[in-house]
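Below is a short report on one structure.

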Amino acid sequence: MTDVSSSGAPPSGRPAKQAFEQVLEKRDNRVAEFDVTPKSPLQRVQHFLHANPTAVPAIVLLLGIVGFSLIVGGRFLSSFNLSLIIQQVTIIGIIGIAQTLIVITAGIDLSVGAIMVLCSVVMGKLAVTMGLPAPLAFLAGIGVGGGCGAINGVLVTRLKLPPFIVTLGTWSIFFALNLWYSGSETIRSQDVAKAAPLLQFLGTPVDVLGARFTYGSFFMLGLVALVWYVLNRTAFGRHLYAVGDDPAAAELAGIRTRKVLFSVYVAAGVICALGAWALIGRIGSVSPQAGQTANLDSITAVVIGGASLFGGRGSIIGTLIGALIVGVFRNGLALSGVDVLWQEFTVGILIIVAVALDQWIRKVSA
Amino acid sequence: MSTQSTLTELKPASAPLTPVLSARGLVKRYGRVTAMDRADFDLYPGEILAVIGDNGAGKSSLIKALSGALIPDDGEIRLDGEVTRFASPMDAQRAGIETVHQSLALSPSLSIADNMFLGREMRRPGVLGSVFRMLDRPRMQKIARDKLSELGLMTVQSINQPVETLSGGQRQGVAVARAAAFGSRVVIMDEPTAALGVKESRRVLELILDVRSRGLPIVLISHNMPHVFEIADRIHIHRLGRRLCVIDPKNHTMSDAVAFMTGAKTPAEELAA
């Protein structure tokens, strides 16, 4: 705390006080100091969570792991099972990264799953059916992902349509295109392996101390690290938060909000295409029916990971943890022999608790 | 209203003749609404110029035009006597004109340091900055801390505190410090005391005088007559989309100003612009 009145009085004369302001002579001169009034324990918790948005999901993940190892025992805690969970969340983790970027800008992207499936079909069809070299097919898939994102971006930034409606529409459109282009046919795993092994590269297993990972798991972690860096260590990342927080303020600060928004949708599309690559690796075949639940699952991971749907708050690490929480609960409940419907039930509760918590944390005040 | 074209204006006694920032004949129409109707403006070095006017008189449009947030349909803006055009707020910022908006234009969830450098972040020197676009956070935090303590505003450990946890006066302080730190020619303040209590208002007024004492001229838009008469060197009265007159607060009362503003009284010829 500094006493403001003592630090450098301006050389120019103070204005003459008016009669009604005489009483202010005894005023407290401190204006910009920070409140040190004692806080209640609950307020302390609120401030801590406000300053550390990933704390809640991290605690929930830890509680989940401890809880299920007590209930299910060694079978849950085995390195094989834990690595299986990581494999299971790879796809949602990657799509969740794309979703996090959109949610930070106060948007939502319902079409991420559809973009991913469309890209996987494009990659598979070009490489296997059309006989294009695998790297070219892969790049074409990335291009389609970026293009789908660009369509969303143009509709959101130029036509100023709400992201929810735009992506609800493009979800259907991309899914229909996917059915049309694939002819609703699945490309078999053997055919992919023969014509374009590159597309299955991320499914290559890696055994570490009895745990089985795939390149896809490491790919996801690498992508998390990359996007974390962009969000936290570059101006673009800061601008993303500013645009989601208060677009008018960001614009006045000289940020070209439309450009930022547009590039975020394109980036999300490209990340979905990378998700398509991991998807082919995971299931081996290329199926227009795969990844149907990725749209909503990615939003679940983002929300449980502590991001705010009102924008300006959210982190990549949080989303990764959010995806892991869903994976741990599903896996743990399955091993406990509980009916699948209770998995859904639990995920529903997690979502609502996460959003309620976010609302409470947002009310934090000085 | 006087329609004479000769410019017989009130100038600060010892001011040089070239205004830092001036405008002639600014026009802005929105459909059939004329927000600016050949508006003029002059700001001289080292002064605090208050701009007052009734609601809808076109103050905001004038200020937006001067800060690059609005492109006038007609008229010219001069900076140090040179004709300039601002296509965006960035242009005006690059020219050294900083604006403290009424909404403050701060991003609540970003830290104080992030906010001060929002839109003009500094990157690391070398490859880290040019290829990896890495921000130079230590440097930005140091500058932010220096600027805030220069204005006697901030404790050292709080530079990474999110702005949303600050009070209204503290936020105003951050916005003013940002403007003072980067404004090399002019600082424009839109209703800086409107949202503040008596105590915090006083501190912000002192802050404004502080900024002037550094040699920066200030444009102050305010509805608060006591504040305007207390710190302004000259008062620009806006009415019906144009400058009605410029008065010296020492020779006029608040009721005169209000009468001019509302059209109850017509200013003497020698004041009219």
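Is A:Asn331 buried or exposed? A:Asn331 is buried, because 21 other C-beta atoms lie within 10 Å. A residue is called buried if 20 or more other C-beta atoms lie within 10 Å of its own, exposed if 12 or fewer, and partly exposed in between, with C-beta atoms placed from the backbone.

## Basis of the report

This is a predicted model, in which local features need pLDDT of at least 70 and side-chain atom pairs count only at pLDDT 80 or more, while totals for chains, interfaces and linings use all residues. Residues are numbered from 1 along each chain as its sequence is written, and chains are lettered from A and ligands numbered from 1 in the order in which they are written.

## Chain A and A:Asn331

Chain A has 15 helices and two strands. Helices (H or I, at least four residues) and strands (E, at least two) are DSSP runs, numbered from the N terminus. Of the 366 residues in chain A, 47% are buried. Contacts are pairs whose C-beta atoms, placed from the backbone, lie within 7 Å. Among contacts in chain A with a separation of 6 or more, 76% join residues 24 or more positions apart.

A:Asn331 belongs to helix H14 (residues 316–335) of chain A. Leaving aside residues up to four places away in sequence, A:Asn331 touches A:Asn81 and A:Ile85. A:Phe76 is 255 residues from A:Asn331 in sequence, yet their C-alpha atoms are 8.1 Å apart in space.

## A helix pair in chain A

Helix H6 (residues 134–157) and helix H7 (residues 163–182) of chain A pack at an angle of about 145°. Their axes are 10 Å apart. Axes are lines fitted to C-alpha atoms, for helices over the stretch in contact, and angles run from 0 to 180 degrees between N-to-C directions.

The crossing of H6(A) and H7(A) is right-handed. On the H6(A) side, A:Cys148, A:Ile151, A:Asn152, A:Leu155 and A:Val156 take part. They meet A:Pro163, A:Val166, A:Thr167, A:Thr170 and A:Phe174 in H7(A).

A:Ala106 has a phi near 70°, a positive value in a residue other than glycine. A:Ala106 sits in the loop between helix H4 (79–104) and helix H5 (112–129) of chain A. A:Ala106 counts as partly exposed because it has 19 C-beta neighbours inside 10 Å.

B:Glu191 is not a glycine, but its phi is positive, at about 45°. B:Glu191 is in the loop between E7 and H7 of chain B. With 18 other C-beta atoms within 10 Å, B:Glu191 is partly exposed.

Chain B is divided into domain 1 (19–96 + 208–268) and domain 2 (105–182). These bounds come from an automatic or database domain assignment. Taken over C-alpha atoms, the domain centres are 29 Å apart.

Helix H6 (residues 168–182) of chain B has 15 residues, so at 1.5 Å a residue it should span 21 Å. The expected span is 1.5 Å times one less than the number of residues. The end C-alpha atoms are 22 Å apart, which agrees. Because 12 of its 15 residues are buried, H6(B) is largely enclosed by the rest of the structure. The buried residues include B:Gly169, B:Arg171 and B:Val176. They pack against strand E6 (97–100), helix H3 (112–116), helix H5 (137–150), strand E7 (186–190) and helix H7 (198–213) of chain B.

B:Ala92 lies in helix H2 (residues 89–94) of chain B. B:Ala92 is buried, with 27 C-beta neighbours inside 10 Å. B:Ala92 and B:Gly68 are 24 residues apart in sequence, and 5.5 Å apart from C-alpha to C-alpha.

## The nonpolar core

A nonpolar core is a set of buried Ala, Val, Leu, Ile, Met, Phe, Trp, Tyr and Cys residues joined through C-beta atoms within 7 Å. The largest one has 170 residues. A:Cys272 and B:Leu220 have the most contacts inside this core. Helix H12 (residues 257–283) of chain A gives the largest share, 16 residues. Domain 1 and domain 2 of chain B both give residues to this core, so it lies between them.

A:Cys272 touches A:Ile95, A:Ala98, A:Val112, A:Ile115, A:Met116, A:Cys119 and A:Gly145, not counting residues up to four places away in sequence.

Methods. Contact = placed C-beta atoms within 7 Å. Left-handed = near helix turned anticlockwise from the far one by under 90°.
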